[in-house]
Each structure stands twice: as C-alpha cells, then as structure tokens.
Amino acid sequence: MSVANREISPRLGYGATLAIAALWMVPFIWMLVAAFNPESVGAGMASLVPRYIPTLANFAEAWGSADFPRYTLNTMIISFGILAVQLVTVTLAGYVFARIEFPGRTICFYLFLLQLMLAPVVLMVPNLVMVAKLGLYDSLLGVMAPYFASAFGTFLMRQAFKVIPRELEDAALIDGANVWQRIGFIYLPLAKPSLIAFSIVSVTAHWNEFLWPLMVINSPDLRPLTVGLASFTRGAEGAQAWGVIAAGTLLVSAPLLIAFALFQRAFVNSFASSGIK
Amino acid sequence: MATQWRVAKWRPRRTTLLAFAMLAPSLLFLALFTYWPVVEVAWQALHNQRKIGGPQVFVGLDNFLKLFADAAFRKALANNLVYAFGTVVPSLVLALGFAMALAKSNRVNTLVRALFFLPVLLPLVAAASIFLFLFLPNVGLLDYHLAKLALSGPNWLGDPDVALYSIMGLTIWKNAGYYMLFFLAGLQAVPADAYEAAILDGAGPWQRLRYITLPYLKPTIGFVLVIGLLNVVTQVDHVFVLTKGGPSDSTNLLLFYVYQQAVESYDAGRAAAGTLVMLALLLAITASSLRTLERSFGERDQ
C-alpha cells in the first residue's frame, strides 16, 4: 500500500509535468511553423503542423519592412554598455558591503535595497525629466544611464566576496598589495561564477526591456529590438500578417535563444545559483 | 581607555573614506535615477502644470483627489491586485511542481527544464506578439482548435470580463520557468537522508511534501513571492501590445495608467500621484518582507 502510494503519485506528477511542458512549447512551435509558412492567410494560420514547403519569404518581408540589423546593434550597445559599467560599480560596492565596516553601513545597505523595488520604469516620468536635463533624451546613453548602478548586482557580488577566505586577502596585504590589487587578483578571479551569473541576468533583462527605451528614444534609428518589434507588430496587425510577425518575432528573439542553446547548462546553473537562497 | 578611543576614532575614518569612495559611483547613479526622482515625483504630485515647460502651480492633494475620483485609476488599482496575486501564486505553485518533478539531473529532465525556461528568455513584447494572434477570434490558435472540439472560446482580448485573465495566462506562461530555477536551487538544500528517513517511516508523497520539502523551501517561497510581486507590478509591455488597457480599462494596470497620463494626456501631476501610489504599494510589499529579503541577500549572516 505505502509502496504503491509513493510510486504512483510521483509518476503521475512527472507525467503531468511532461504534459505541461508540451503545452508550454505550443506557442514556440506555432511561431516556428508560421514563420516558414508560405501562406499565412486565413484558415491555415492556426495550423501547428507544417503542411507546406518551407519558405524564407516571411523573413525576407520582415527583414525588409523594419531595420532589424540596426535594432540589433542598438540593443547590443544598450545591453553590453550597461553591463560594462555595472561590472565596475557592483564590484566596488559589493566589496565594500562584504569587507569594510564603517559607520553608515546599514543606512547605505537600505538605500541600495530601495533600488531593488524601484526599477527606473516605475519612476519613468521623473527619470525622463532627469535624462532630458542631462541632455541624454533620445540617446542610447539615456536608456542606459539609470541602470549603471545595480542593487541586485551589488548584493550578488557581496555574497560572492563574503565566502572568499579573509586569510587570502590578509596574505596579499602583508605582501604589500593595495586594495585594487587585492580586488583584481584575489576577489574577481574567485568570484568569476557570480560575475558570469550577474552578466547573464543583466544582459537578458536589458535585452528584453521595452517601456523605458520607448520613453527615451524618439528617433526610429535608435530603437532597440523590442521597440522595433512592437511598432512592427502594430504596423502589420491583422490575421493575414501572422507569418510575417512570427518571422519578425523569431528574428528578435533568436539571439538570446541561440545563446541559450549554446550555453544552456551554464545559463540555467548560473540563474539557479546566483547567490540567492 | 582614552588611547583606545582615539585609535578607534582615527582608523574608521580612513576606511570610511575608502568605503564611500568605492560606493561613490553606485551612489551617484542611485542619487540621479532613484533618490532624486522620488523627491521629484513627490513634488510633482503636489503641483500642476498647464503646459509643457509652463509654470508649476501648487495644488496640494488635488491630484490625489482627482486620481481616486477617476474610475479608470480605481479600475487599474483593482486590476493590478488581481493581476499580481493571480499570476504570482499560480506561477509559484507550477514552478514548485516543475522543480520537484525535475529535481533529479538527467538528460530528459535537463531538456524539460530548458523548455520551461524558454519563455523567460523571450522579450515580453515578443511573447505578447505571439499571444496577440493566439487569442485572435475564430482564426487564432485557441479558437480554431477549440472549434475542432466543438467548443467556442470567449473573445479572449475583447471581452472586458475575460481579457485580464487572458493576459494573466501569458504572464504565468512567461514567468513560471523563471521561478522554477529558484526552487531547483532551493531543493538542493534539502538533505536526501531526510527523505530516506521519511520513506522508511512510511511517509507518503503528500506527507513528505508537507513535512520536509515545504519547511525547507519556506525561505525560497518567500523570496519568489516578493521578487515575483515586485516584478509583475513593474511590467506592462504585454498590455501595451495586446490591449492598450482596454476594453473599457479592463486590462489597465497602474504603470500603464501612469504611462497614459504622462505620455498621452500630458498630465504630469496625475502621473506623479499615480506613481506615488505605486511606490506605496511596492514599499508595502518590500517592507512586509524585509526579513525575507535580508535573509536572501544575507545582511544578517556572518
């Protein structure tokens, strides 16, 4: 009886999970099927099974009707530009919170915590005013600047630095290493997994962001992929355009999906072990 | 005693200086784009501006009164509560189930985990573009296949009673795989011998869930709940693509309402008041879970 209990339920649960996984795939499969479908008109559009000779016509049309190469470049500049500055700011702040005792530390910690809930998009109106005041309206730098400091990254690095034995730093200190050398030669190499995890989280988040860049960017040739896709979708709305939209959506999503396929294990592991218990 | 005091006073000063020098880059950007904007938004909420660049007129709490008198705002507030809890709780339960079923590392499970994780990588705007057609009346994926089963779906995005739930479906699809990762990490902390002992004692799967897994995962559940709530309140990309808040404000959410006030109505005062209400909500979520967050980010551990 008890044997049956413990065997059957988990199997049922496993079967249900696999069934839901199949369901989870449906939107992707549908996008793929539609993107290569020569006739995305009318009744055939809901088909999940490809009954056609695949064509690249939808991709050609999508590619031609929006400047995807430019959007991709803009998105890359935004994502990697933010990351480059963040790696410096979060390393410094993470080291302070991990290793330095100073008056005002708790207040600073809570000030950082505040940013966790205040994504720049929540404060979009005053942030837009600030961006304009700094002369950064309608520029990629204006999209990037509010993210240059990251509370999330700071806490992540702090966590990673804390588990590094103090003795290592003390030894370097005795050898005459200054604080920058200690960070550069001891802390950063040992915290590499956390740095990678943070990089993945950060790039993914900013690659996918929409509303804030929409607010800041006015010129069409400064649009990131997400803003480009939204205006593209709106421009081509209607059932007959589904194939083209699917192709465009695939184009926009492809870079991250390919990166994920290539580095799947590292990707999932780094998310799962990003220092949060 | 006196010398000790002097040493203690002198040494922290140097390290304090170093600490603040290293925090300076972060604090500069936080000041520009988090702290000052909060002050700015509070000031704006108390003022009105007739036209862009025009003078700011002090109006006291007028913006808040107008805000709460606005049926669209009250609707957005109510929608946001339904939307937040109605997406985070089901995603969390699904994520926990996925994580428990896929906890064992093998080829199949790794692949299935990846399948659940795919939507996380998709920009919300892209996911919304797909779902726009999925929800299309008659010819869309849902209606077309429901018709084959001789069923007819509601007007997924066009019916005010249904549209918000359709959007919530998209959000659950998008986020469950993300929360799953936290639970996969959390499950690693559960000692295997706890299960073995329980099985020897004859505990069934439900008992093991109730008395072993859930207690161990309590911190993770708290963390996912908080991060999830903070997350979904600040996401509206899908509303932008799918419904623009309609029909009749049934899918309007706070942040989208603020966006409309700021960008479409040029009502900076009301947008600011709306932002403050959002801030209050986010603060309430954070404050009520400060201990969970602190534990997750490890302020009190040594």
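**A helix face, an interface and some loops**

Trainee: Which exposed residues sit on the face of H2(A) turned away from its buried side?

Mentor: Exposed stands for over 50% relative accessible area, buried for under 20% and partly exposed for what lies in between, with a 1.4 Å probe and protein chains only. Helices (H or I, at least four residues) and strands (E, at least two) are DSSP runs numbered from the N terminus. On the face of H2(A) that is turned away from its buried side, the exposed residues are Ala60(A) and Gly64(A).

Trainee: What pLDDT do side-chain atom pairs need in order to count?

Mentor: Residues are numbered from 1 along each chain as its sequence is written, chains are lettered from A and ligands numbered from 1 in the order in which they are written, and side-chain values use heavy atoms, with hydrogens and water left out. This is a predicted model, in which totals for chains, interfaces and linings use all residues and local features need pLDDT of at least 70, while side-chain atom pairs count only at pLDDT 80 or more.

Trainee: Within what arc do the buried residues of H2(A) fall, seen down its axis?

Mentor: Helix H2 of chain A covers residues 57–65, and its buried residues are Asn58(A), Phe59(A) and Ala62(A). They line one face of H2(A), because, seen down the helix axis, they fall within an arc (taken from the directions from the axis to the C-beta atoms) of 95 degrees.

Trainee: What share of the 277 residues in chain A is buried?

Mentor: Chain A has 14 helices and zero strands. Among its contacts (heavy atoms within 4.5 Å) with a separation of 6 or more, residues 24 or more positions apart account for 72%. Of the 277 residues in chain A, the buried share is 54%.

Trainee: About what area is buried between chain B and chain A?

Mentor: In this pair, 94 residues of chain B are in contact with 97 residues of chain A. Buried area is the accessible area (1.4 Å probe) that two parts lose on being put together, summed over both. Carbon and sulfur atoms give 79% of the area buried between chain B and chain A, which comes to about 8,800 Å².

Trainee: Which helix gives the largest share of the side of chain B that touches chain A?

Mentor: Across this interface the rule finds zero salt bridges, where a salt bridge is a side-chain nitrogen of Lys or Arg within 4 Å of a carboxyl oxygen of Asp or Glu. The side of chain B that touches chain A has 69 nonpolar, 18 polar and seven charged residues, with Ala, Val, Leu, Ile, Met, Phe, Trp, Tyr, Cys and Pro counted as nonpolar, Asp, Glu, Lys and Arg as charged, and the others, Gly among them, as polar. The largest share of that side, 22 residues, comes from residues 2–45 of chain B, that is, from helix H1.

Trainee: How many residues apart in sequence are the parts that Arg182(A) and Glu169(A) tie together?

Mentor: The side chains of Arg182(A) and Glu169(A) meet in a salt bridge at 3.1 Å, N to O. Arg182(A) lies in helix H9 (residues 179–190) of chain A and Glu169(A) in helix H8 (residues 166–174), so the pair joins parts whose distance in sequence is 13 residues.

Trainee: Are Arg182(A) and Glu169(A) buried or exposed?

Mentor: Arg182(A) has a relative accessible area of 11%, while Glu169(A) has a relative accessibility of 7%. Under the cut-off for that class, Arg182(A) and Glu169(A) both count as buried.

Trainee: Which backbone oxygen does the side chain of Ser250(B) reach?

Mentor: Ser250(B) is found in the loop between helix H10 (237–242) and helix H11 (254–264) of chain B, and with a relative accessible area of 3% it is buried. Beyond residues up to four places away in sequence, Ser250(B) touches several others, including Lys75(B), Asn79(B) and Gly245(B). At 2.8 Å, its side chain reaches the backbone oxygen of Pro247(B).

Trainee: About what omega has the peptide bond that joins Gly246(B) and Pro247(B)?

Mentor: Pro247(B) lies in the loop between H10 and H11 of chain B. The bond that joins Gly246(B) and Pro247(B) is a cis peptide bond, with an omega of about -15 degrees.

Key. A polar contact is a pair of N or O atoms within 3.5 Å; within protein, one must be able to donate a hydrogen and the other to accept it, and residues adjacent in sequence count only if both atoms are side-chain atoms.
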